[in-house]
Amino acid sequence: MAHAAERYPSLNMRHISPHSVRHSTAMHMLQSGVAFSVIALWLGHESMTTTHRYVEADLTMKQNALARLQEPAMEPTRYQPTDR
C-alpha cells in the first residue's frame, strides 16, 4: 500500500483490505460479462446465492439493462369480454 500511495497519495486516506480488493475484482469481473458461476468459483462461494449479492449491488448494470429495452411494437390492448 505504501508503494502505491507514493504514486496515488489519496490512498493514504483510505483503508484498503484484502476483502476490498476481492470485492472490487469480483465487481469488475461481473461488469465485464464474466458468468456468475465463474465468479462464484473464483471467490470460492459454495452457493450461487452468495454471488448473487454482487448483482444486486451493481446499480449501473441494472440501469444499462433497462436502457437496452425497447418499446413494444404494438399498442397494449385490454381484454373486452363479449356480452354472452
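## Valine 38 and the model

Valine 38 lies in helix H3; helices are DSSP runs of H or I with at least four residues, strands are runs of E with at least two, and both are numbered from the N terminus. The model is predicted, so local features need pLDDT of at least 70 and side-chain atom pairs count only at pLDDT 80 or more, while totals for chains, interfaces and linings use all residues. Residues are numbered from 1 along each chain as its sequence is written, and side-chain values use heavy atoms, with hydrogens and water left out.

Valine 38 has a relative accessible area of 41% and is partly exposed (buried is under 20%, exposed is over 50%, and partly exposed is in between, with a 1.4 Å probe and protein chains only). Histidine 28 is 10 residues from valine 38 in sequence, and their C-alpha atoms are 13 Å apart in space.

## Helix H3

Helix H3 covers residues 36-43, and Ile39, Ala40 and Leu43 are buried in it. These buried residues fall within an arc of 100° seen down the axis of H3, so they line one face of the helix; the arc is that of the directions from the helix axis to the C-beta atoms.

Which helices do the buried residues of H3 pack against? They pack against H2 (18-31) and H4 (48-57), where contact means heavy atoms within 4.5 Å. After H3 comes glycine 44, with a positive phi near 80°.

## The chain as a whole

The chain has five helices and zero strands, in the order α-α-α-α-α along the sequence. Its radius of gyration is 22 Å, well over the 12 Å that the globule rule gives for 84 residues, so the chain is more spread out than a compact globule. This radius is taken over C-alpha atoms, and the rule is 2.2 Å times the number of residues to the power 0.38. Along the principal axes, the C-alpha atoms fill a box of roughly 80 × 30 × 20 Å.

Of the 84 residues, 17% count as buried. Among contacts between residues at least 6 apart in sequence, 26% join residues at least 24 apart. The chain exposes about 7,700 Å², of which carbon and sulfur atoms supply 56%; the areas come from the Shrake-Rupley method with a 1.4 Å probe.

## Glutamine 63 in helix H5

Glutamine 63 is found in helix H5, residues 59-68. Is this residue buried or exposed? Glutamine 63 counts as exposed, at 56% relative accessibility. Arginine 78 is 15 residues from glutamine 63 along the chain, and 29 Å separates their C-alpha atoms.
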